[in-house]
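Open the model in your viewer and keep the selection tool at hand. The stops below say what to select next and what is there.

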Amino acid sequence: RDEEGIIEEPCGEQEVIDEMCRIVIRDMDQFGVCVVDNFLGYKRGMSVLQEVTGMYTKGVFKDGQLVSKKVKNDLKTIRGDQITWIDGKDESCKNIGLLISQVDAIILRANKMANNGKIGNYTINGRTKAMVACYPGHGTHYVKHVDNPNKDGRCITAIYYLNRDWNIQQNGGLLRIFPEGWQDKVADIEPFFDRILFFWSDRRNPHEVQPAFKTRYAITLWYFDASERQEACRRHKTEMEAQASESNNIVNKTSSGES
Ligand SMILES: O=C(O)CCC(=O)Nc1cc2ccccc2cn1
Ligand SMILES: [Mn+2]
């Protein structure tokens, strides 16, 4: 507060980051979901959007997963979201790289600031690459699902939206989260430009994307909890070894003529 008792607006970059971290920690602890608007600001948000639309017109997006939909009595296969994975290091997506480092800064700082240095009792030590997704907008949707149902190590989902002048009534594409413990209440998130959303990736947050009727872009990052990730990798390694020795036995049996 300055002498008139007016609350000082955080002005420096660091104060803005700290303020945002406090909001993320508070909302994640209270709701398991957190929405922050004007995350990058108009200019930097637009440069991220331009890179994404540039990639899309270049056709780097893989065809989305097939969603066969019974339309009257013929199976109409429509494609869901189209995705591409990038690490944001190459020159052609340096602005996406800036977005990624900005989200990293918030998550890692929040991890430090939270009580005993853990946000939601996690110790975050890494993340996936950025998944850039596009819904082509012919009524494509994403069925209700959980990002991490079986402890693969991912603890926080961060989704950055890029859709300007988005009108939910006309364009659809609402993200609906069904947070565990909210009874019949839901969290309806409109995929607005320069909005970032955080939520726990596990079974606490089943979610769906309702049919979109305009091209809908989003960039997703998943952050890893150190111990859950380590355990998941150990389990995966054991499964791989078991499969290898199993196929070895079969080979030995068939080559030695045993039935
Ligand atoms: O765009 C949004 O608002 C969220 C869409 C969404 O949930 N996408 C998504 C996409 C996925 C792609 C591969 C594996 C798991 C995945 C989980 N979730
Ligand atoms: Mn998801």
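Select Asn-121, which is placed in the loop between helix 3 (94-113) and strand 5 (124-127). Helices (H or I, at least four residues) and strands (E, at least two) are DSSP runs, numbered from the N terminus. Asn-121 is exposed, its relative accessible area being 60%. For these labels, buried means under 20% relative accessible area, exposed over 50%, and partly exposed in between (1.4 Å probe, protein chains only). The phi angle of Asn-121 is near 70°, a positive value in a residue other than glycine.

The model is predicted: local features need pLDDT of at least 70, side-chain atom pairs count only at pLDDT 80 or more, and totals for chains, interfaces and linings use all residues. Residues are numbered from 1 along each chain as its sequence is written, chains are lettered from A and ligands numbered from 1 in the order in which they are written, and side-chain values use heavy atoms, with hydrogens and water left out.

Next, select Asp-165, in the loop between strand 8 and helix 4 (168-171). Asp-165 also is not a glycine, yet has a positive phi of about 45°. Its relative accessibility is 65%, so Asp-165 counts as exposed.

Now go to Thr-128. Is Thr-128 buried or exposed? With a relative accessible area of 13%, Thr-128 is buried. Thr-128 belongs to the loop between strand 5 and strand 6.

Move on to Asp-184, in the loop between strand 9 (175-177) and strand 10 (187-189). Asp-184 is exposed, at 70% relative accessible area. Select Asp-87 as well; 97 residues along the chain separate this pair, and 38 Å lies between their C-alpha atoms.

Glu-190 is in the loop between strand 10 and strand 11 (195-200). Glu-190 is partly exposed, with a relative accessible area of 28%. From Glu-190 to Gln-50, 140 residues away along the chain, the C-alpha distance is 20 Å.

The last stop is ligand 1.

Within the shell, show the side chains of Tyr-161, His-207 and Arg-216. A polar side-chain atom of Tyr-161 is 2.7 Å from an oxygen atom of ligand 1. For His-207, a side-chain N or O atom lies 3.0 Å from an oxygen atom of the ligand. For Arg-216, the corresponding distance from a side-chain N or O atom to a ligand oxygen atom is 2.8 Å.

Note on methods. Polar contact = N/O pair within 3.5 Å; in protein donor to acceptor, adjacent residues only side chain to side chain.
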